[in-house]
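I opened the model to look up strands, cores, salt bridges and surface.

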Amino acid sequence: MKYTCVESEYLVSLLKCALKNESVPYVPAGLNWEKLVKLSNEQQVYSTIAPVINKINIPAEQAQELTFYTQNELVRMIAMKNELEQMEKDLADLKIDYMLLKGSVIKFYYPKQKMRQMSDIDILYHEGDRERLVSMMKKRGFLLETSEANTDDFFKPPYYTFEWHRTIFDDRDEFHPDFDLWKRAKKDEKKPSKYNIDESDLFIYSVCHAYDHYCQNGFGIRFVCDVYLLLNKLESLDMTYVNSTLKKFGIEQFGNDLIGLAKAVFDGKSVSESEQELLDFILSGGVYGKRIGFGEIIEEKYDGSKFKYILKRLFPPKRQIMKTYQICERHPILLPLFYIVRIFQKYKFKRKKINKEISDLKNIK
């Protein structure tokens, strides 16, 4: 199997060692440790390789950097877990049904839960409960940061991020199959409002999620790790149902390539040409593929005009404001006021991000 560079090849070797509890691989000649750590950060797998890399005598600077990353991630994960547990009590009191998605479920199939990094916690719920859900989150100190056709993103300092899904795909996206996770989900035995995703649906959704990112900017090696572990650890995985569903969604070949790649990377199976191309694509970007540069976004979407970009950022479509601030749906006359409220709230909760964006804007000619 070919790799884009020695660092990407060694990163995959470390991941294989971590996921399968194998012997630590020898350090190849000419390995750039700084580049390796940067790659593991971009792919968001530094917590996965941490237990392995601690057994290797790596340069002090990179060892310190990895320790910093993993310790901060662990603190964040523990805090998010505690927040979720308190939130689940509120959901039970309000009788709001919910289902955990993505990393918050997949982490249980890793050798250690802390090895699976997550940027946020994704939860599915019913559209009819949105008003009560938004009210609950705001009472818990969260800001409704963005509201899309199918999701609401909530943030609370310093790093609490929850993404609530009314549906798992946005009809406006290129890929949006009709996939009902509630149909096969089972009610949790201990938590009255919680539903657990069906194992085969979890696998299908993981492949669909990877393909959704593939259609946009791409995805990273962490998705391959997820698929490999689910493939080997789901006890009731029905591959006949999986294959027929992926075929119905029109992504059977992508699913086969992703599964084949996972087996090739972690089990040493032979790799096809299409699987090799997929691996090259995966390792050429970050965890969510190749992100478009800030300047390119302005050039492509705003005709190169920074003024148009700033205007859109300050004054998004009124439907977004009305979704975020529901009082505006009942009293549209309040829209101008809540545009101003939004700006102050954003600066209060996302000051560092806004300042960086302003700095990036200044650097674009």
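These entries go from the strands to the core, then to charges and the surface.

**Ground rules.** I am working on a predicted model, where local features need pLDDT of at least 70, side-chain atom pairs count only at pLDDT 80 or more, and totals for chains, interfaces and linings use all residues. Residues are numbered from 1 along each chain as its sequence is written, and side-chain values use heavy atoms, with hydrogens and water left out.

**Strands.** I took helices (H or I, at least four residues) and strands (E, at least two) as DSSP runs, numbered from the N terminus. Two strands pair if DSSP finds at least two bridges between them. I started at β4, residues 151-156. Strand β3 (residues 143-147) runs antiparallel to β4, with 4 bridges. A hairpin of 3 residues connects β3 and β4. Ser 147 sits opposite Asp 152 of β4. On to β5, residues 160-165: β4 pairs with β5 through 6 bridges, again antiparallel. The hairpin between β4 and β5 has 3 residues. Thr 151 has His 165 in β5 as its bridge partner.

I then checked cover. Buried means under 20% relative accessible area, exposed over 50%, and partly exposed in between (1.4 Å probe, protein chains only). In β4, 5 of the 6 residues are buried.

**Core.** I defined a nonpolar core as a set of buried Ala, Val, Leu, Ile, Met, Phe, Trp, Tyr and Cys residues joined through side-chain atoms within 4.5 Å. Which residues touch the most other members of the largest core? They are Phe 162, Trp 164 and Phe 203, in a core of 95 residues. Helix α8 (residues 221-233) gives the most to this core, 9 residues. A second, separate core has 7 residues, including Tyr 325 and Phe 338.

I listed contacts (heavy atoms within 4.5 Å) for Trp 164. Beyond four places in sequence, its partners include Met 87, Leu 91, Tyr 125, Met 137, Thr 151 and Phe 154.

**Salt bridges.** The cut-off is a side-chain nitrogen of Lys or Arg within 4 Å of a carboxyl oxygen of Asp or Glu. I found 17 of them in the structure.

Lys 191 pairs with Glu 88 at 2.8 Å, N to O. This pair links distant parts of the chain, 103 residues apart: Lys 191 is in the loop between β6 and β7, Glu 88 in helix α4. Is Glu 88 buried or exposed? Glu 88 counts as buried because its relative accessibility is 8%. Lys 191, at 33%, is partly exposed.

Arg 166 and Glu 127 form a salt bridge at 3.1 Å, N to O. They are 39 residues apart in the chain. Arg 166 is buried at 7% relative accessibility. Glu 127 is partly exposed at 46%.

Arg 130 lies in helix α6, 22 residues from Asp 152. Both are buried. Elsewhere, shared partners join Glu 83, Asp 90, Arg 140 and Lys 156 into one network.

**Surface.** Patches are made of residues with over 30% relative accessible area and no salt bridge: like charges are joined within 9 Å, nonpolar side chains (Val, Leu, Ile, Met, Phe, Trp, Tyr) within 5 Å. Accessible areas come from the Shrake-Rupley method with a 1.4 Å probe; for residues, only the protein chains shown count as cover. One nonpolar patch covers about 530 Å² and includes Phe 307, Leu 314 and Ile 343. Helix α13 (residues 306-314) contributes the most, 4 residues. Leu 314 belongs to α13 and is partly exposed at 34% relative accessibility.
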